[in-house]
Amino acid sequence: MNRKTKSLTRREFLGSSALGMTGVMLIPSVAVSCKGRKDPGLVRLGFIGMGRQAMFLLDGFIQIPGVEVLAGCDVYGIKRTRFENRVNEFYAKRGRKIVATTYEKYEDLLARKDIDAVVIAVPDHAHAMIAIAALKAGKDVYLEKPMTFTVEDGLEIIDA
C-alpha cells in the first residue's frame with residue numbers, strides 16, 4: 001500500500017494556532033469597543049501593508065464570522081490589485097456585496113470612518129509610526145512583531 005499522508009510541520013502548526021488564537025482574542029475585544037455603532041457585532045478591517053505576511057493574515061481574518069475586510073493599503077500597485085482581487089473574489093463567491101478599496105497612502109485608509117480596526121503588516125521600521133497614527137485615528141490595531149525598535153516608541157504607542 002502506498003498511502004500519502006499530509007503531515008503538518010511544526011511551523012505550519014504554530015502558524016495556524018497563532019492565527020486562530022489571534023482571532024479568538026482580537027475579535028471579542030474589538031466588538032466590545034464598537035458599542036454604540038450601527039452594527040456592534042461586526043468588525044470592519046483595513047490592511048496596511050499587503051505583502052506575503054498580510055496575505056496570510058487576510059486568509060485567516062476574512063473567514064471569521066462578524067469580520068468584513070473593506071480596504072487595504074500598499075505603495076505597490078501590483079499588491080493592491082492582488083488584494084482587491086482576493087477579497088472581492090472571496091465575497092463574490094459567498095454572494096456578499098462587499099467591494100474592497102485600496103489606497104497607496106495609509107492616511108487615506110485611516111481617514112475612513114467605516115474602518116474599525118487595522119492589521120499592520122509593513123516593514124518593521126514603520127510599525128510604531130503607523131500604529132500611533134492608527135490609534136490616534138481611533139482604530140483598534142493588530143500589529144505584527146516587533147512592535148517597536150525602541151522603548152520610547154513603545155511608550156508613544158501606550159500614550160496613543
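Mentor: A crossing is left-handed if the near helix is turned anticlockwise from the far one by less than a right angle, and right-handed if clockwise; in this structure, helix 5 passes helix 6 in a left-handed crossing. The model is predicted, so local features need pLDDT of at least 70 and side-chain atom pairs 80 or more, whereas totals for chains, interfaces and linings use all residues. Residues are numbered from 1 along each chain as its sequence is written, and side-chain values use heavy atoms, without hydrogens and water.

Trainee: Which residues make the contact?

Mentor: Ala128, Ala131, Ile132 and Leu135 of helix 5 meet Asp153, Glu156 and Ile157 of helix 6, where contact means heavy atoms within 4.5 Å. These residues divide into 5 nonpolar, no polar and 2 charged.

Trainee: Which residues of helix 5 are buried?

Mentor: Buried means under 20% relative accessible area with a 1.4 Å probe, protein chains only; in helix 5, residues 127–136, these are His127, Ala128, Ile130, Ala131, Ile132 and Ala134. They pack against strand 1 (43–48), helix 4 (106–110), strand 4 (117–120), strand 5 (140–143) and helix 6 (151–159), strands being DSSP runs of E with at least two residues. Gly138, whose phi is positive, near 85 degrees, follows helix 5.

Terms used:
Buried < 20%, exposed > 50% of the residue type's maximum accessible area, 1.4 Å probe, protein only. Helix = DSSP H or I, 4+ residues; strand = E, 2+ residues; numbered from the N terminus. Nonpolar A, V, L, I, M, F, W, Y, C, P; charged D, E, K, R; others polar.
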